[in-house]
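The questions below concern backbone geometry at selected residues. Please look over the sequence and the model first.

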Amino acid sequence: MPEYKAMNVVLPEADTELRPYFVAAGEGRLVAKRCGDCSLLRYPPGVACPWCSSLSFDWADLSGEGTIYSYEIITQAIQPGFRDWVPYPLVLVELDEQRGVPAADEALRVIANLVTADLRPEAERNVAIGRRVRVVFQPLGDGLALPQFALSDQPPAAEPWQYQD
Ligand SMILES: [Zn+2]
């Protein structure tokens with residue numbers, strides 16, 4: 001049974017809706033569903049296209065590169081497996097694909113932990129809106145992995161913003 005932080009990951013072989021996302025991650029690929037009718041990408045995967053309701057799709061490979069659109073610092077672990085991680089950053093990543101499509105405020109945005117290269121939580125002082133990130137993969141076992149993000153060396157497009165208290 002695959003697991004993440006001592007929690008069982010239940011993704012039956014018959015699950016064609018979500019399992020392929022984690023199988024691709026296990027192969028080192030970040031993917032999103034692409035509508036078979038209007039061709040727009042979507043995340044989360046979902047059964048139908050949120051733009052045209054089509055049930056037709058395929059899985060498209062993504063670059064895995066993006067920008068921190070928003071973030072929060074988790075200070076209390078709901079799951080016991082995260083107790084040794086707090087405080088840790090959770091990020092909303094705006095991927096480079098499909099920014100501003102199909103409307104100006106739309107984009108492919110993925111929620112993930114922000115981690116270091118060795119898959120430990122990134123320090124709060126390093127997290128800022130606008131910083132560039134790239135996908136990394138947390139192995140779950142049985143060939144599956146969980147996409148996470150790590151800071152990249154790419155320069156930000158604008159001065160990053162960070163909460164100051
Ligand atoms: Zn569509």
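Helices (H or I, at least four residues) and strands (E, at least two) are DSSP runs, numbered from the N terminus. The model is predicted: local features need pLDDT of at least 70, side-chain atom pairs count only at pLDDT 80 or more, and totals for chains, interfaces and linings use all residues. Residue numbers start from 1 along each chain as its sequence is written.

Q: Which loop holds Pro-44?
A: Pro-44 is joined to Tyr-43 by a cis peptide bond, with omega about 0°. Pro-44 sits in the loop between β4 (41–42) and β5 (57–61).

Q: What is omega for the peptide bond from Val-86 to Pro-87?
A: Pro-87 belongs to the loop between β6 (65–74) and β7 (88–95). The bond from Val-86 to Pro-87 is cis, and its omega is near -10°.

Q: Why does Lys-5 count as partly exposed?
A: Lys-5 is in the loop between β1 (3–4) and β2 (7–8), and its phi is near 50°, a positive value in a residue other than glycine. A residue is buried if 20 or more other C-beta atoms lie within 10 Å of its own, exposed if 12 or fewer, and partly exposed in between; C-beta atoms are placed from the backbone. Lys-5 counts as partly exposed because its C-beta neighbours inside 10 Å number 16.

Q: How many other C-beta atoms lie within 10 Å for Ser-39?
A: Ser-39 lies in the loop between β3 (31–35) and β4. Its phi is positive, near 70°, in a residue other than glycine. Ser-39 is partly exposed, and the number of other C-beta atoms within 10 Å is 13.
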